[in-house]
Amino acid sequence: MNPGEPKRTVVLQGIGVSPGVAIGVAYLIRRVDAPISRYQLEDKSLVSEEIRRFRKAIKDSENQLLEIKRKFKDQEGLETLYILDVHIMILKDKMLIKQTIQNIEDKGVNAEWALRMTLDKYRDVFSKVDDEYLRERISDVEYAGQRILRNLAGVHHETISGIGDNAVVIARDLSPADTMQMKVERIQGFATDMGGKTSHTTIVARAYEIPAVVGIEKVTTEAKTGDIIIIDGTAGAVIVNPDPEIIRRYEEKKRHYAMIEDGLLKHARKTATTLDKHRVLIGANIEFTEEIPSAVQHGTDGIGLYRTEFIYINRDRLPTEEEHFCTYKKVVESRGIRFSTIRTFDLGGDKFISDPRLAAEMNPVMGLRAIRFCLREVDLFKVQLRAILRASAYGKTKVLFPMISGMEELLETKRIFNEVKKELKRDGIPYGKDVKIGIMMEVPSAVLIAEDLAKEVDFFSIGTNDLIQYTLAIDRVNERVSYLYEPLHPAVLKLIRQVVEAGHKTGIEVAMCGEMAGEPVYTMVLLGLGLDELSMNSLVIPRIKKLIRSVTVKECRKLVERVMTFNTASEIEFFVRDYMRRKFTDDFEVAD
Amino acid sequence: MIVEKTLTIKNELGIHARSAAMIVRALERYQSSVSFERDGTRVDARSLLDILTLGCPKHSEIVVRADGDDAREVLECLEKLVDDKFGETA
């Protein structure tokens, strides 16, 4: 790969054991776990030499652990120090030593192989233990065993104290001795190949409230030191070398995560109904099915935006219809949600297949992506549509088409959609009878002809991120123009109002699923503009619900009328922030 | 002298690494050979690893057998550890 070429994005799934989002630079702890070889001891006299080596490695291991214990005595809680004592006892365990020496003597093998045999035997015995917590104590046996093996190999130094700030630590597994040598409070996140809900990494990560995903199986082979890496400890996902768009989504998630307060969850189960009895539907934006339980817990009415891109990313071949179907079925039949809005593929084609025809583009956000790409690669598009329709037989499903810029695109999309429906019907494959179709309102040209488009669809969903950047002509990746990105720009507000009015005139619902929908400071403005549904990161739902329940639509409309009299974004921004601060004295900070 | 008694584990976590370590340490003061039996598997009570392999959660029963001059003391000591829930606070 050329140095200038972007690195391949890899998405890995594991067990999310400590919630939260971390975005940082990977630091891979690579152990010199050279595969252990078996040597047959040719001479009986070598047996005593192997036993001597084994005993010395145990002694060395013990001394190292005692040294770590001494060094960190003052810094750590007693709990972790105690674990080191347990590891020392395992090193010196009478049965471990006895069996290993017996293996050396009886089988005439080298100390490494003899110890491996003993460890494997214990792994086997532990795996049969019913109690999960006790079963996972095999990890303590492994930590101790690995240390002896390293000493047998003559490897003494572990340079893990040099981990810098903002590091996301990647390892096969982390032992207490490992974590004690790190400045854990400065670590952003953990991702390990091994581990479960009660393993050491999990306990440490939870104690320090650091996002962690364990049991990923191959994170140490996929991530290298220096790679940008995202850890989503809530969804159990790890993304290596994410592209700027994905990083931005996760920065938003991270911000929301930091905002949740303990008391807010009690607002979660109540409906988002204003004081004057106006109900707003609340949706959750998700990208992994694993996020659904958390979204339900945070009080979502349904899935307002399921981004399907991760089904495509990080694969050698295209996902099959069956793979699509299984994922969508899981989404629509999830407990506790009333509807699922599935958005069709919304990236450039370069994201999932190495097709030379789809070379990287100069300006990808305006290039061949989303619905444009799907209309060109109809066969690929149909696979996804068939799967969504098949899944719709299992729960209320809405299909959302991204980046529609005009009527022709919409009609062509509908034609293909109906064709797929007809094929399913012909083949006798069931699908939902009442599948709603909608379009993202994110291209300004679509907004200008919203009244016509409204007659062809069942709902609109406003994607503010793209709408803002297309309307204000800002390249979001270009930091020199990012100051122009203003959600409360009068032009943006007028476009939103136009979409809502066009939708309501035709009698269809208008949702918003962009970042703006999840920003509490904008909530009253959005209610005043008349949106029917707000879809957001689930973590922010309780806060938005609390806010909606404490206002009237009447005052929101008045606020919007006032806002529309200003003609600069900065005046509006200042006015709205000031208004929200006065109204909710505790909830909005002065600085921003 | 051989003494045998069934003990019921009372602490939340069962015989985990920490409690097993306490057992092994406590036994260092005695001469008797000591074994634990659970579901037909018998292990040496002086090996932390072997104790762990029994996988004893809360409410499980183990048969303790001590053989030696101080067998009675061994049993008293173990009984006390189990009754004290190995010092677990919760």
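Is the crossing of α19(A) and α20(A) left-handed or right-handed? The crossing of α19(A) and α20(A) is right-handed, a term used when the near helix is turned clockwise from the far one by less than a right angle.

The model is predicted: local features need pLDDT of at least 70, side-chain atom pairs count only at pLDDT 80 or more, and totals for chains, interfaces and linings use all residues. Residues are numbered from 1 along each chain as its sequence is written, with chains lettered from A and ligands numbered from 1 in the order in which they are written.

Helices (H or I, at least four residues) and strands (E, at least two) are DSSP runs, numbered from the N terminus. In chain A, the axes of α19 (residues 464-471) and α20 (residues 490-506) come within 10 Å and cross at roughly 125 degrees. Axes are lines fitted to C-alpha atoms, for helices over the stretch in contact, and angles run from 0 to 180 degrees between N-to-C directions. α19(A) is therefore oblique to α20(A), as angles under 35 degrees count as roughly parallel, over 145 as roughly antiparallel, 65 to 115 as roughly perpendicular and the rest as oblique.

In chain B, β4 (residues 61-67) pairs with two strands, where pairing needs at least two DSSP bridges.

| Strand of chain B | Sense to β4(B) | Bridges | Residue and partner in β4(B) |
|---|---|---|---|
| β1 (residues 2-8) | antiparallel | seven bridges | B:T6 and B:V63 |

The contact between the chains takes 17 residues from chain B and 21 residues from chain A, counting residues whose C-beta atoms, placed from the backbone, lie within 7 Å. On the side of chain B that touches chain A, α2(B) gives the most, with five residues.

Terms used
Contact = placed C-beta atoms within 7 Å.
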